[in-house]
Amino acid sequence: MENEKLELISSMEFEEDVPLYKIIDFMNKSLKDKNIIVGLSKNNNNKIIISIYQT
């Protein structure tokens with residue numbers, strides 16, 4: 001495992017102030033064929049929750 005290299009799936013450049021949903025959208029499009037879905041929500045304490053699901 002120490003000689004294993006990481007495989008780049010996708011890459012995109014964003015501005016620093018990009019809305020988080022745009023990053024989540026990019027992740028979902030990139031991970032769709034890997035059966036991974038990323039969700040974004042906000043709780044009652046105004047904290048953001050990022051969830052990762054395997055389909």
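The model is predicted, so local features are reported only at pLDDT of at least 70 and side-chain atom pairs only at pLDDT 80 or more, whereas totals for chains, interfaces and linings use all residues. Residues are numbered from 1 along each chain as its sequence is written, and side-chain values rest on heavy atoms, with hydrogens and water left out.

Secondary structure elements are DSSP runs numbered from the N terminus, with helices (H or I) of at least four residues and strands (E) of at least two. Strand β1 covers residues 36-42 and strand β2 residues 48-54. The two run antiparallel and are joined by 7 bridges, where pairing requires that DSSP finds at least two bridges between the strands. Within this pair, S41 has I49 of β2 as its bridge partner, and G39 stands opposite S51, also in β2.

The hairpin formed by β1 and β2 has 5 residues between the strands. In the loop between β1 and β2 lies N46, a residue other than glycine with a positive phi near 60°. N46 is exposed, because its relative accessibility is 60%; here buried denotes under 20% relative accessible area, exposed over 50%, and partly exposed the range in between, computed with a 1.4 Å probe and protein chains only. A positive phi near 60° is also found at N35, again a residue other than glycine. N35 belongs to the loop between α1 and β1, and with a relative accessibility of 40% it counts as partly exposed.

The model contains 1 salt bridge, defined as a side-chain nitrogen of Lys or Arg within 4 Å of a carboxyl oxygen of Asp or Glu. In general, side chains of opposite charge can pair when their charged atoms come close. The salt bridge joins D25 and K29, whose closest N and O atoms are 3.2 Å apart. Both residues are part of helix α1 and are separated by 4 residues, about one turn of the helix. D25 is classed as partly exposed because its relative accessibility is 38%, while K29, at 63%, is classed as exposed.

Surface patches were assembled from residues with over 30% relative accessible area and no salt bridge, like charges being joined within 9 Å and nonpolar side chains (Val, Leu, Ile, Met, Phe, Trp, Tyr) within 5 Å. Accessible areas come from the Shrake-Rupley method with a 1.4 Å probe, and for residues only the protein chains shown count as cover. For charge, Lys and Arg count as positive and Asp and Glu as negative, with His and the chain ends not counted; each charge is placed at NZ of Lys, CZ of Arg, CG of Asp or CD of Glu.

A negative surface patch consists of E13, E15, E16 and D17. E13 is located in the segment before α1 and is exposed, because its relative accessibility is 79%. E16 is likewise found in the segment before α1, and its relative accessible area of 85% places it in the exposed class. The C-alpha atom of E16 is 17 Å from that of M27, a residue 11 positions away along the chain. The segment before α1, a helix spanning residues 20-31, also holds M12. M12 is partly exposed, with a relative accessible area of 49%. Between the C-alpha atoms of M12 and I23, which are 11 residues apart along the chain, the separation is 9.1 Å.

A nonpolar patch on the surface is made up of L20, Y21, L40, I48, I50 and I52, which together have about 590 Å² of accessible area. Both α1 and β2 supply at least two residues of this patch, and β2 gives the most, with 3 residues. L20 lies in helix α1 and is partly exposed because its relative accessible area is 32%. L20 and I50 are 30 residues apart in sequence, and their C-alpha atoms are 10.0 Å apart in space.
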